[in-house]
Amino acid sequence: MATAFVSWPSAPLTESLVKGALSNLSVSIVTSLPGIHECSKLLQWSTYDAIDHDLTHRNPDSVLSSSYTIRKALIRKHYLARCIHSYLTKHLDSVLKDAVPRTWDLEISYADELDEMWSDQLWDLGNEIDGSSQWWILKPGMADRGMGIRLFNSKDSLYQIFEEFEEYSEDEDQIDDTSVMISQLRHFVIQEYIPSPILLDPNEMSLSGSVSNPPENLQGHKFHLRAYFVASGALQLFMYDRVLALFAAVPYVSPTKREDVNDAAPGNIDLTPHLTNTSLQIDRGEEGVHLLDELSGCHILSGDDTTRGTLFTPEDIENLKVQMGSVLAETFKAALEMPIHFQPLPNAFELYGVDFLVSHDPTGLDSLGNSRIFQVKLLEINSEPAIELTGRRLHRILEDLFVAIEQVAVLPFFRHEVGCVPSMEVPVVPRHLRMCLDTKVRGSGGW
């Protein structure tokens, strides 16, 4: 009999969703890993650390696992930056050229190391910082949930940020909600801050779909999009088209240079209008979480005077979904060209939570000269995404998502064990999944 090992000790919601998705299959669900000879086929739908990856590699015909063993090129920000940079040097016309903020990665343990970096790997960035008033965003390469994110607009302010992190490393009691210890996280990325995000008011439409806030009272909030993608085998990629929009708690204001710039610590910059991560807004509950489709008909509150106040249309939403699918498909192609850090397996699958920002330029053009007012920007790719922060109201889409994963990634592997009829031999893509990529990695055996 087919057996499913399910273990999510710190994510009870995920565990219940997995078990719910498997309820229609004739599999025995266990919470401790059985021996390979105790079952005809084994599914490991568990956390990365709970999976026996050696078992996955040694038994490609009888073991299916819910995570690829090697995928740093996707889920670590500094690896992802290097991966995309390498890909763009060989594919100059790639959609990633417009869809990824310019990024620099650095490895640093002490603030003093910046002095040498400005004349070496950060030389071109240093010239840009010295010659413009642009803002930049610093992110730890291996942190998540908004930890360690800081804004800066000068070399001195970046230096002060790392000094601040050094102090936290020495005194853990001083750590605030977004601080990190530089001694534990040496890898960072610096990205250009996107100065013109699309702005909407999440309170304009009530959750029932009716207008709840008149136009004259609207205030533009920054938000990012969270799209769920499922990678299966070696390799198919699907996008779940019920995309989330996660809003900042307060109306957006452009970052500005402080008058007391020489005295104030960079960490004192109010990040609330800029950070849209739900992990930093737990006290708001579900207030800042919407479906992208629910925003149709909202007034656009960004752009110039000619476009501000126009409506966000279903066509705009569909355009963004198409962009997200093509951008992540191209990102996976880039990762496939870095086989040391991404190795898809035919007997594995994985769910990713992918974050995008949408820039708004009324006169925008893509790299081919075509009009593109809204441009998605890939921010990061998260394994084992924190789906519990979606909230109870949208729980139904999570149930649908996990059932869809079972249908495209699990059912084909266990087809004969669960007694599928011949008419089910041809897999059917569930309604809310869109196939973005279908390629074969080194033949049917993958890596």
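Helix 10 (residues 395-410) has 16 residues and spans 21 Å from its first C-alpha to its last, close to the 22 Å expected at 1.5 Å a residue; the expected span is 1.5 Å times one less than the number of residues. Helices (H or I, at least four residues) and strands (E, at least two) are DSSP runs numbered from the N terminus. The model is a predicted one, in which local features need pLDDT of at least 70 and side-chain atom pairs count only at pLDDT 80 or more, while totals for chains, interfaces and linings use all residues. Residues are numbered from 1 along each chain as its sequence is written, and side-chain values use heavy atoms, with hydrogens and water left out.

The buried residues of helix 10 are Ile397, Leu398, Leu401, Phe402, Ala404, Ile405, Glu406, Val408, Ala409 and Val410. Buried means under 20% relative accessible area, exposed over 50%, and partly exposed in between, with a 1.4 Å probe and protein chains only. An α-helix has 3.6 residues a turn, so residues three or four places apart point the same way. Helix 10 lies across strand 3 and strand 4, running at about 145° to strand 3. Such angles run from 0 to 180 degrees between N-to-C directions, with axes fitted to C-alpha atoms, for helices over the stretch in contact.

These strands belong to an open sheet of 4 strands in the order 2-1-3-4, with parallel pairing; two strands pair if DSSP finds at least two bridges between them. Strand 2 (28-30) and strand 4 (63-65) are the edge strands, each with a single partner, so one side of each has no neighbour in the sheet. From one strand to the next the twist averages 20°. Helix 1 (residues 12-21) also packs on the sheet, touching strand 1 (3-7), strand 2 and strand 3, and its direction makes about 165° with that of strand 1. Contact here means heavy atoms within 4.5 Å.

Strand 1 is joined to strand 3 by 5 bridges, with Ala4 opposite Leu43. Its pairing with strand 2 is parallel over 3 bridges, and Thr3 stands opposite Ser28 there. Because 5 of the 5 residues of strand 1 are buried, the strand is largely enclosed by the rest of the structure.

Aromatic contacts come next. Rings of Phe, Tyr and Trp (its six-membered ring) pair if their centres lie within 6.5 Å; planes under 30 degrees apart count as stacked, over 60 as edge-to-face and the rest as tilted. The count comes to 12 aromatic pairs. Trp45 and Phe349 have ring centres 5.4 Å apart and planes at 90°, so the pair is edge-to-face. Trp45 lies in strand 3 and Phe349 in strand 12 (residues 349-360), so the pair ties together parts 304 residues apart in sequence. Trp45 and Phe349 are both buried. Trp104 and Trp136 form another edge-to-face pair, at 5.7 Å centre to centre and 75° between the planes. Ring pairs also link Tyr68, Phe332, Phe342 and Tyr352 into a cluster.
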